Amino acid sequence: MKLATQPTVKTLGDYAYQAIQKHFKKTLKWEKSVKKDEDPEALHQMRVGMRRLRTAVTRFGLAVDVSKPVSDKNIGKIARRLGSLRDLDVLKESLENNYKPNLPRKEQESLQTAFTALAKQREDVLSSVQKTLKNESYKSLKDALDKWLDKPNYQPFASFTIQQVLPDLLLPEVSNFLLHPGWLVGTQFVDSEVKIQKNWELEKIEQQLIIEGKILHSLRKEAKRIRYQMELFTDLYGESYAAYLTEVKTIQEILGTMQDSVVLAEWLADIFKSEIQAQMPTLANLLTENRYQSWQQWQPLQERYLKTETRHSFHLTILHPLSGVIG
């Protein structure tokens, strides 16, 4: 029989401490490599660590008593700086691996202009990231978290058992997610029932994304928020919860692919000072096709989450964490 090496996690305070410690450690682990710009993966991991740390600090706000440097605003600012650099790495990776090999030679040569511009942009953003990791707000955040982890302060809610308060923590997030206007993109109401408009031609989907792309991008961010929060509590729920978490992640990824394609097209248009259809027709068509495929993947999930039974089942899953002591 294997003995537990950690104390049994029981209270909201225990969970808060565990989450903050885990994501703070992860952030620090990659800091040196990011400062030296050694590895794109280090940047990715540090950005994720910072985002998850932000989720832990804000969502457990009712249980923990942290000092001012450990604020949503401060952590968010640092995470966004890391994010700006990571976004440029993703852009380059996508162009190099997903698109360049499928282009005719002439368009591949034209892409060199984009790669040159990207390298220059990246230099500027990297400099900003390196300054951020040396400045006072980042240092004070680390110092404050070190002190809190060494001697944590809690609010009265921290003493509740996790099972007592967990549904109340998660249900508002589920409601925000399910009531997001992004679910209604490409739908219409018929006799008070929402219907998805299917079998759209490629041009119709493109028009829709021009008009409502920002709303879908906002839903993607909402999916990411609830995913990060749900991942804090996977050991307290069963299979149904795991299935919803997987679907939320899939929704985030599909909408992310769609959005990344839009951003890439806009960025290239800015670099070439013209619509990319004129400059790079093959690439423009590949980007359009990519968005079309993402839309086809998105619609079945959209339809599923607009059904009353799916929404009720999601709420019921959250309402019933596993009972008993978690070790």
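The model is predicted. The chain holds 11 helices and 2 strands. Of its 327 residues, 44% count as buried. A search of the whole structure finds 18 salt bridges.

**Overall fold**

- Read along the sequence, the elements run α-α-α-α-α-α-β-β-α-α-α-α-α.
- The C-alpha trace spans about 65 × 55 × 40 Å along its principal axes.
- Contacts between residues at least 6 apart in sequence were sorted by separation, and 81% of them join residues at least 24 apart.
- The accessible surface of the chain comes to about 17,700 Å². Carbon and sulfur atoms account for 50% of that surface.

**Charge on the surface**

- The chain carries 47 positive and 41 negative charges.
- A negative surface patch is built from Glu38, Asp39, Glu41, Glu93 and Glu96.
- Glu96, one of the residues of that patch, sits in helix H3, which covers residues 72-99. Its relative accessible area is 35%, so Glu96 is partly exposed.
- A patch of positive charge gathers Lys68, Lys73, Lys77, Arg80 and Arg81 on the surface.
- Arg80, one of the residues of the positive patch, also lies in helix H3.

**Nonpolar surface**

- Leu62, Phe157 and Phe160 make a nonpolar surface patch of about 240 Å².
- Phe157 belongs to the loop between helix H5 (136-150) and helix H6 (162-178).
- Phe157 is partly exposed, because its relative accessible area of 40% falls between the cut-offs of 20% and 50%.

- Side chains of opposite charge can pair when their charged atoms come close.
- Asp89 forms a salt bridge with Arg122, and the closest N and O atoms are 2.6 Å apart.
- Asp89 lies in helix H3 and Arg122 in helix H4 (residues 105-132), so the pair ties together parts that are 33 residues apart in sequence.
- Asp89 is buried, with a relative accessible area of 8%.
- Arg122 is buried too, at 18% relative accessible area.

**Salt bridges within a helix**

- In helix H4, the side chains of Asp124 and Lys120 meet in a salt bridge. The N to O distance is 3.1 Å.
- Asp124 and Lys120 are 4 residues apart in helix H4, so about one helical turn separates them.
- Asp124 is partly exposed at 44% relative accessible area, and Lys120 is partly exposed at 47%.
- In helix H5, Asp143 and Lys147 meet in a salt bridge. Here the N to O distance is 3.2 Å.
- Asp143 and Lys147 are also 4 residues apart, so about one helical turn lies between them.
- Asp143 is partly exposed, with a relative accessible area of 39%. Lys147 counts as exposed, at 55% relative accessibility.

**A buried glutamate**

- Glu206 is found in helix H7, residues 202-231.
- Glu206 counts as buried because its relative accessibility of 18% is under the 20% cut-off.
- Setting aside residues up to four places away in sequence, Glu206 touches Thr288 and Arg291.

**Positive phi angles**

- Most residues other than glycine have a negative phi.
- Ser192 has a positive phi of about 65 degrees, although Ser192 is not a glycine.
- Ser192 falls in the loop between strand S1 (187-190) and strand S2 (193-196). At 74% relative accessibility, Ser192 counts as exposed.
- Asn199 is a residue other than glycine with a positive phi, near 55 degrees.
- Asn199 is in the loop between S2 and H7. Asn199 counts as exposed, at 73% relative accessibility.

Definitions and conventions: Residues numbered from 1 in each chain as written. Predicted model: local features only at pLDDT ≥ 70, side-chain atom pairs only at ≥ 80, totals over all residues. Heavy atoms only, no water. Patch = residues over 30% accessible without salt bridge, like charges linked within 9 Å, V, L, I, M, F, W, Y side chains within 5 Å. Areas by Shrake-Rupley, 256 points an atom, 1.4 Å probe, with all protein chains shown as cover. Salt bridge = Lys/Arg side-chain N within 4 Å of Asp/Glu carboxyl O. Lys, Arg positive; Asp, Glu negative; His and termini not counted. Charge placed at Lys NZ, Arg CZ, Asp CG, Glu CD. Buried < 20%, exposed > 50% of the residue type's maximum accessible area, 1.4 Å probe, protein only. Contact = heavy atoms within 4.5 Å.
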